[in-house]
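Thanks for coming, everyone. Let's take a quick walk through one model.

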Amino acid sequence: MDRKLETPKVKDILIKKVIAFRPDFTSFDAIRSFNESRISTAPVVNDQNEVIGYLSESDCIRCLSNCLFFDESRYRTIDLIMSKKVAIAESQWDIFELENFFVTNHLRSAPVVDSENHLVGIVTRRDALIALQKCMEEREEYKKDIKTPVELNMKERIKMIVDRA
């Protein structure tokens, strides 16, 4: 049997169709997009499609609640509310490295970029969970095909040795 269990990599599970924003996008339009598209995070890219920030639901909630509480719109564009420190997931990481990255950094998603920092896609904890589930199912199927060794008693061992000679 030549079956081999493959560990998926980030590049195998990332989402390539990404909703991303430009830094001059209004905060209210970003909030509307979050709600309409039912997303919780989005990368912010410049004109060269390089990741320069990350916008989260928390950023949007903070912005909108401040605007409502103070009855003003002080944060007109998302470059004023986005996180500028972006944790990037590496496309070559396996699923276990990705899981550690999410847990260590307390993240729900992360952008994936190429060697020139251009946005390639996004990967989420849900993507990781689905990949881990598939791995578990494949492993269980693989284990069904493995034969368990048979324990022979002393008399059966001696008989096998004699029969070989």
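Is Arg139 buried, partly exposed or exposed? Arg139 has a relative accessibility of 38%, so the label is partly exposed. Keep in mind that this is a predicted model.

Arg139 has a partner. Its salt bridge is with Glu140, and the closest N and O atoms are 3.7 Å apart. Glu140 is partly exposed as well, at 35% relative accessibility.

How many salt bridges does the count come to? Three. Here is the general idea. Side chains of opposite charge can pair when their charged atoms come close.

Next pair, please. Asp29 and Arg32 join their side chains in a salt bridge, 2.6 Å from N to O. Both residues sit in helix H2, three residues apart, which is about one turn of the helix. Why does that spacing matter? An α-helix has 3.6 residues a turn, so residues three or four places apart point the same way. Asp29 has a relative accessible area of 32%, so it is partly exposed. Arg32 comes out at 45%, which is also partly exposed.

Now the pair in helix H3. The side chains of Arg62 and Asp59 form a salt bridge, 3.5 Å from N to O. Again, the two lie three residues apart, about one turn of the helix. But look at the accessibility. Arg62 is partly exposed, with a relative accessible area of 47%. Asp59 is at 6%, so Asp59 counts as buried. The cut-off for buried is under 20%.

Let's stay with H3. The helix runs over residues 57-70, which makes 14 residues. From its first C-alpha to its last it reaches 20 Å, close to the 20 Å expected at 1.5 Å a residue.

Which residues of H3 are buried? They are Asp59, Cys60, Cys63 and Cys67. These four cover an arc of only 95° around the axis, and therefore they sit on the same side of H3. What covers them? The cover includes helix H2, residues 27-37, and strand E2, residues 51-56. Turn the helix around. The face pointing away from the buried side carries Ile61, Leu68 and Phe69, and these are exposed.

Just past the end of H3 comes Asp71. Asp71 takes a positive phi of about 55°.

Where else do we find a positive phi? Go to His106. His106 is not a glycine, yet its phi is positive, about 55°. It is placed in the loop between helix H4, residues 95-105, and strand E3, residues 109-113. His106 has a relative accessible area of 71%, so it is exposed.

Then there is Asn117. Its phi is near 70°, a positive value in a residue other than glycine. Asn117 is in the loop between E3 and strand E4, residues 119-124. With a relative accessible area of 29%, Asn117 is partly exposed.

Last stop, the surface. Which residues make a nonpolar surface patch of about 310 Å²? Met154, Ile158 and Val162 do. Val162 belongs to helix H6, which covers residues 154-164. Val162 stands at 55% relative accessibility, so it counts as exposed. The cut-off for exposed is over 50%.

To recap, please look again at two places. In H3, find Asp59, Cys60, Cys63 and Cys67, the buried residues. Thank you.

Key
Residues are numbered from 1 along each chain as its sequence is written. This is a predicted model: local features need pLDDT of at least 70, side-chain atom pairs count only at pLDDT 80 or more; totals for chains, interfaces and linings use all residues. Side-chain values use heavy atoms; hydrogens and water are left out. The expected span of a helix is 1.5 Å times one less than its number of residues. Buried means under 20% relative accessible area, exposed over 50%, partly exposed in between (1.4 Å probe, protein chains only). The arc is that of the directions from the helix axis to the C-beta atoms. Contact means heavy atoms within 4.5 Å. Patches are made of residues with over 30% relative accessible area and no salt bridge: like charges are joined within 9 Å, nonpolar side chains (Val, Leu, Ile, Met, Phe, Trp, Tyr) within 5 Å. Accessible areas come from the Shrake-Rupley method with a 1.4 Å probe; for residues, only the protein chains shown count as cover. A salt bridge is a side-chain nitrogen of Lys or Arg within 4 Å of a carboxyl oxygen of Asp or Glu.
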